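Please read them with the structure open.

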Amino acid sequence: MTDEKSVTVLGLGAMGSALARAFLAAGRPVTVWNRTPGKAGDLVAGGATEAAAVEEAVRASGLVVVCLWDHRSVHETLDPVRAALAGRVVVNLTNGTPGQGRELGEWARTHGFALLDGGIMAVPPMIGAPGAFVLYSGPEEAFTTHRETLDALGESRYVGPDHGRAALYDIALLSAMYGAMMGELHAFAMVRSAGVAATGFAPLLQRWMAAVGGLQERTAQLVDARDYTRDVVSNLGMQAAAYHNLIDAAHEQGVSPELLAPLHPLMLRRAAEGHGHEDNAGLIELLFTRRGTT
């Protein structure tokens, strides 16, 4: 018999350890396991129980949270103990793709346990703090049953029964983050090339990004309607014609434009196809490589 409030955490990297600490802070009995011994000392000192083997860890709790290196390591860890997983709920918080989430969900179904696939929208120090949220997809009943426990990690957001949906949202959100990061790194490179301290420039960058970063709702409306002609403030044709200045200025300053360069050909192509009068959001129509997604 296992304590219905107990949690097992498999994987004690920076994120897995943060998850375990959050469960302990919420008063949950926590069992931990890591492939490489020696990482559980602080957690054990905080009240966790370290399992010597993965099957021992799995059998300790009805809720098993997995946070490993990649999809392959998830299978390497869980495949040998699949019989012990029967009747339990496994929450996979290992970063992966939508296809991997669906494959793991089907694998779980065939072996008699429920799987929630998740996406952690936080870095380890944020776990358990108000700014963190975690996406979950899979059987809603499993999510509802364990939501109170999972809330220890951050705001729990259920995004649907498709096991791949949480990973899809996770990858989409991370894509937006990395896109913004590329622009900001290029901006810092430009000012540093002129001997300007990045810290002196940062307040202007923060102010500008805050001003232009609140357009998601409007862009989403255009994308859903597939009408990029509404309320156009700065049309694509004008921006495409001027975009080369960003590339030219980078070369003048001795800065590689490779973080920015991929956008320009798309802008020119869209304008050449007769959409120069539209909003930049129309560039999305050039991104789909498979029929049925447009």
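1. The lining of the largest pocket divides into 29 nonpolar, twelve polar and four charged residues. Keep in mind that this is a predicted model.

2. **Largest pocket, size and centre.** The space in the largest pocket comes to about 2,600 Å³. Its lining has 45 residues. Closest to the centre of the largest pocket are G179, A180, T219, L263 and L283.

3. **Largest pocket, elements.** Five elements are listed as giving two or more residues to this lining: α8 (165–192), α9 (198–212), α10 (216–225), α12 (244–252) and α13 (263–275). Which of them gives the most? The answer is α8, with twelve residues.

4. **Second largest pocket, size and centre.** Here the space is about 670 Å³. The lining of the second largest pocket is made up of 29 residues. M15, C67, L68, L93 and N95 are the closest to its centre.

5. **Cavity, count and size.** How many cavities of 30 Å³ or more are there? The count is one. The largest cavity holds about 60 Å³ of space.

6. **Cavity, lining.** The residues that line the largest cavity are H71, V74, N92, T94, N95, G96, T97, Q100, G101, L104, D117 and A167. N95 is also among the residues closest to the centre of the second largest pocket. At least two lining residues each come from α4 (71–78) and α6 (98–110). The largest share, three residues, is from α6.

7. **Whole chain, fold elements and extent.** The protein chain has 13 helices and eight strands. Along the principal axes, its C-alpha atoms fill a box of roughly 70 × 45 × 30 Å.

8. The protein chain has 294 residues, and 39% of them count as buried. Among contacts with a separation of 6 or more, 61% are between residues 24 or more positions apart.

Key
Residues numbered from 1 in each chain as written. Predicted model: local features only at pLDDT ≥ 70, side-chain atom pairs only at ≥ 80, totals over all residues. Heavy atoms only, no water. 1 Å grid on protein atoms, 1.4 Å probe; cavity = no way out; pocket = protein on both sides within 12 Å on 5 of 7 lines; lining within 4 Å. Points joined across faces, edges and corners; volume = space filled by probe spheres on them. Helix = DSSP H or I, 4+ residues; strand = E, 2+ residues; numbered from the N terminus. Nonpolar A, V, L, I, M, F, W, Y, C, P; charged D, E, K, R; others polar. Buried < 20%, exposed > 50% of the residue type's maximum accessible area, 1.4 Å probe, protein only. Contact = heavy atoms within 4.5 Å.
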